[in-house]
Every structure is written in structure tokens, then in C-alpha cells.
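Opening the notebook on this model.

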Amino acid sequence: MQIDPRGPRFAAALTSLVLAAVLITGSGPLLAVQALVFALGALAGLSYSPYGWLFRVLVRPRLAPPAELEDARAPRFAQAVGLLFALVGVAGYLGGASWLGLAATACALAAAFLNAAFGYCLGCEIYLLWRRAVPSRA
């Protein structure tokens with residue numbers, strides 16, 4: 001599946017705002033909501049994520065068509081990495097290890113901010129390295 005590359009950047013901007021709010025408030029439940037957003041993007045597909053839906057309905061109609069499309073596999077993998085960090089953070093916040101919640105949330109925020117501000121998707125780069133290291137059996 002091919003996607004508009006501006007969609008993941010938009011989602012990363014919203015994710016950055018949510019994760020910053022989590023760091024400020026220490027809210028495990030808010031991080032759990034973000035984990036659900038990551039899960040939908042990773043498991044169901046980027047277009048089923050609430051942020052993907054917002055981009056598709058509210059933002060993309062106001063933009064010119066993208067110059068090129070990109071494969072959705074790397075951004076979906078990045079969502080799975082974000083989900084992993086969010087789940088570790090939720091476990092930390094709700095399990096009484098707030099230092100773990102803070103650390104996991106900060107890592108996820110750093111990756112989301114890199115994508116939102118600079119268009120550098122850390123999870124996508126990890127996916128590409130993994131694909132080169134583990135060739136497909138097709």
C-alpha cells in the first residue's frame with residue numbers, strides 16, 4: 001500500500017503533543033490512549049489510526065497532491081516501535097515505576113519529534129536496516 005508521506009509527519013506532530021503532555025502530567029492513562037493510537041496504526045493500518053483519519057479528512061483535501069507516494073510498511077513498523085515504547089511507559093506509570101514511564105515516553109517523544117520537525121523517521125530507518133539484514137524469502 002502506498003501512502004502520502006505527509007500523513008505520518010502530521011501524525012508525528014500530534015503524537016509529539018500528546019507525548020509532551022504525558023511527560024508534563026505523568027499521566028499513564030493518556031499514554032495508554034496514545035498506545036491505542038499506535039496499535040491501530042501498526043496493526044490495522046495507518047489509515048485506521050485516528051491521526052491518519054484526521055489527516056485524510058481535514059488536511060489532505062487542502063493540500064496539493066503529493067509529489068510521490070511511499071510504501072506504508074516502514075511507517076507501520078515505526079508505529080509498532082512506538083507502541084512498544086508506549087506499553088513500557090504505561091507499565092512504568094501504572095506500576096509505580098514513574099522513572100520507567102518517563103524514560104520510555106521521552107524516547108518515543110524524541111522519535112516522534114524527529115519525524116514531525118525534520119521528516120526523519122527513526123522507526124522507518126530501523127525497518128530498512130532490518131530488511132537489509134534479514135532478506136525476504138519471496
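I began with α4 and α5: α4 passes α5 in a left-handed crossing. Left-handed here means that the near helix is turned anticlockwise from the far one by less than a right angle, and right-handed means clockwise. Helices (H or I, at least four residues) and strands (E, at least two) are DSSP runs, numbered from the N terminus.

Ground rules before I go on. This is a predicted model, where local features need pLDDT of at least 70 and side-chain atom pairs count only at pLDDT 80 or more, while totals for chains, interfaces and linings use all residues. Residues are numbered from 1 along each chain as its sequence is written, and side-chain values use heavy atoms, with hydrogens and water left out.

**α4 with α5**

I looked up the geometry: the axes of α4 and α5 lie 6 Å apart, at an angle of about 155°. That makes α4 roughly antiparallel to α5. Axes are lines fitted to C-alpha atoms, for helices over the stretch in contact, and angles run from 0 to 180 degrees between N-to-C directions. Under 35 degrees counts as roughly parallel, over 145 as roughly antiparallel, 65 to 115 as roughly perpendicular and the rest as oblique.

For contacts (heavy atoms within 4.5 Å), α4 brings Phe85, Val88, Gly89, Gly92 and Tyr93, and the α5 side includes Ser98, Leu100 and Cys107. Ala, Val, Leu, Ile, Met, Phe, Trp, Tyr, Cys and Pro count as nonpolar, Asp, Glu, Lys and Arg as charged, and the others, Gly among them, as polar.

**α4 with α2**

Next I checked α2 (residues 28–44), whose axis comes within 8 Å of that of α4 and crosses at roughly 155°. The two helices are therefore roughly antiparallel, and their crossing is left-handed. Among the residues that meet are Leu31, Phe38 and Leu43 in α2, and Arg76, Leu83 and Tyr93 in α4. The contact of α2 with α4 has 17 nonpolar, five polar and one charged residues.

**α4 with α6**

How far apart are the axes of α4 and α6? I get 8 Å, with an angle of about 110°. That makes α4 roughly perpendicular to α6, and the crossing is right-handed. Arg73, Ala74, Pro75, Phe77 and Ala78 of α4 make the contact with Gly123, Cys124, Ile126, Tyr127 and Arg131 of α6. I noted seven nonpolar, one polar and two charged residues there.
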